[in-house]
Amino acid sequence: MPDTLTIPSSPAQPGGSPAAGGGGLPRLLPPAGAAPADLRAHLARHGALRYAGGRGRLTGEVAAAGLTGRGGAAFPVARKLAAAAGARPAPVAVGNGAEGEPASSKDASLLWLSPHLVLDGLQLAAEAAGAPSAVLYLRPGQRLHARLAQAIAERAAAGIDAVGVALVRAPDRFLAGEESALASRLAGRPALPAYRPARGLPRLAPARSALVQNVETLAHLALIARHGAGWFRQAGTAAEPGSMLVTLHLPDGHTTVAEVPLGIALADLLGLAAGQPGSGEPGVSCGPVPVQAVLVGGYHGTWLPAAQAARLPLANAMLRPLGAAVGAGVVAALPAGRCGLAETARVARYLALESAGQCGPCFNGLPRIAAALGHLAGSRPDRRAVTDLERWAGLVTGRGACHHPDGSVRFVRSALRAFAAEIGLHEAGRCSGTDPRPFLPLPADPPSSDADWS
Ligand SMILES: Cc1cc2nc3c(=O)[nH]c(=O)nc-3n(C[C@H](O)[C@H](O)[C@H](O)COP(=O)(O)O)c2cc1C
Ligand code: SF4
């Protein structure tokens, strides 16, 4: 993964006021144009963090706030904090900043711009769990690592932290941030998902568990501790309160990170409007660029036809019945003129190479699925490839130790639906793609694998 960061752009900041203490947005990121926050700027904006001491602190407030994890699964944070508070011996508190998803850069942006908010949240999580120590698990990148090391040193000099924080570098793999892979890495082993994940909190050692929260979740925790549940609920919906960071891939090729209220209309988020400019035909466009489909939830997420996406909010309540989810906030608007099948085949091949190779259905199934998709993306494919794909997808689903095969298959199946017309075109020897450049981002150096691709 490149050592680059996406700096948030001001237009994608729906919600108005930059006041951190109010319900307005941005809450987590500095106002547009402001410099990344050092400790002095952080304390001037947010005020000091007060510790009340003791396990279980904050859990009630977090439950009232309705905060859910921002690492992808939207698990209620209060439930995890309560489990951690009851664990003996006390778990290690871990901030998960691995951000293995190549299309996401919201965690790196947050860590770069607001490192002390994440570190505040990590201290609070440690306190709630009675943790003796804390770890910040960071995605690759020398600059980011150095910046966090500096922030931790600033806090040590100011004497504001209750527990020490160790930095651990995550490997540059899609699965590195999966909870059991993270636990394996912290235990000194390769960052592979556990073949049989333990129930409850992941274990670093037989006697020591870990409380793992995404770094954005921790930053929200730091603000709830300061401003309370009522303040948190001033953004978002009653069922899905608060704001979240999103990584937007706009059809003109720009990528930006924004903080938005949960429940925001995808049309507002992406600037989608009805009508294909200049064509007189119905459709959806973003400014002058026609949009054919929207990927919601990243590479374990779901393609939706643009017209359908334009009617939906960024909310699990509406997305889940369609087999989609907000995930970790990756939203990509694919412009017309790019082949959706080719895009999906490229990413599916990457996902297959990222299989940890421990479970047969995943190790054998994902390469076959990727190859069949590559066939469909070619000229005059055999229609039976669609049937094969559906069959293999069914065989793989639910058969892995981790969610990688399920997420990958969800992504592929959604492409078969969203790009059904494109499949027909390819069967006729045609393709709607006029621009061969890749749209969805992938690492510059793809992972290597011994899998047979022939
Ligand atoms: C394949 C896979 C990859 C994941 N990668 C990440 C990641 O990079 N960062 C992250 O915070 N969570 C990731 N998760 C989710 C973690 O397992 C875990 O649920 C999360 O870190 C818990 O934090 P949260 O409850 O605050 O979201 C991943 C999950 C899966 C299945
Ligand atoms: S399901 Fe796939 S990625 Fe997950 S542990 Fe098994 S082989 Fe590895």
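I started at L211, which sits in strand 5; helices (H or I, at least four residues) and strands (E, at least two) are DSSP runs numbered from the N terminus. This is a predicted model, where local features need pLDDT of at least 70, side-chain atom pairs count only at pLDDT 80 or more, and totals for chains, interfaces and linings use all residues. Residues are numbered from 1 along each chain as its sequence is written, chains are lettered from A and ligands numbered from 1 in the order in which they are written, and side-chain values use heavy atoms, with hydrogens and water left out.

**Entry: L211**

Buried or exposed? L211 counts as buried, because its relative accessibility is 1%; the cut-offs are under 20% relative accessible area for buried, over 50% for exposed and partly exposed in between, with a 1.4 Å probe and protein chains only. I then listed what L211 touches, setting aside neighbours within four places in sequence: K80, L81, A84, P91, V92, A93, V94, A125 and A129. Contact here means heavy atoms within 4.5 Å.

**Entry: ligand 1**

Strand 5 (residues 208–214) turned up again here, giving the most to the shell around ligand 1, with three residues. I found 18 residues around the ligand, and the closest are G71, E179, Q213, N214 and T217; a residue is in if one of its heavy atoms lies within 4 Å. By class the shell has three nonpolar, 10 polar and five charged residues. In that scheme Ala, Val, Leu, Ile, Met, Phe, Trp, Tyr, Cys and Pro count as nonpolar, Asp, Glu, Lys and Arg as charged, and the others, Gly among them, as polar.

Next I looked at oxygen atoms of ligand 1. One is 3.4 Å from a polar backbone atom of R70, and for a polar backbone atom of G100 I noted 3.1 Å. Q213 uses a polar side-chain atom instead, at 2.9 Å. The protein covers 86% of the 610 Å² of accessible area that ligand 1 has on its own, computed by the Shrake-Rupley method with a 1.4 Å probe.

**Entry: the cores**

The largest nonpolar core has 50 residues, of which V62, L111, V118, L136 and L221 touch the most other members. Such a core is a set of buried Ala, Val, Leu, Ile, Met, Phe, Trp, Tyr and Cys residues joined through side-chain atoms within 4.5 Å. Helix 8 supplies the largest share, 10 residues.

Most residues other than glycine have a negative phi, and most peptide bonds are trans, so I went looking for exceptions. L25 and P26 are joined by a cis peptide bond, omega about 5 degrees, and P26 lies in the segment before helix 1 (39–46). R88 and P89 share another cis bond, omega about -5 degrees; P89 is in the loop between helix 3 and strand 1 (92–97).

E99 has a positive phi, near 40 degrees, in the loop between strand 1 and helix 4, and is buried at 8% relative accessible area. R380 also has a positive phi, about 50 degrees, in the loop between helix 13 (360–376) and helix 14 (384–396). R380 counts as exposed, at 57% relative accessibility.

Definitions and conventions:
A polar contact is a pair of N or O atoms within 3.5 Å; within protein, one must be able to donate a hydrogen and the other to accept it, and residues adjacent in sequence count only if both atoms are side-chain atoms.
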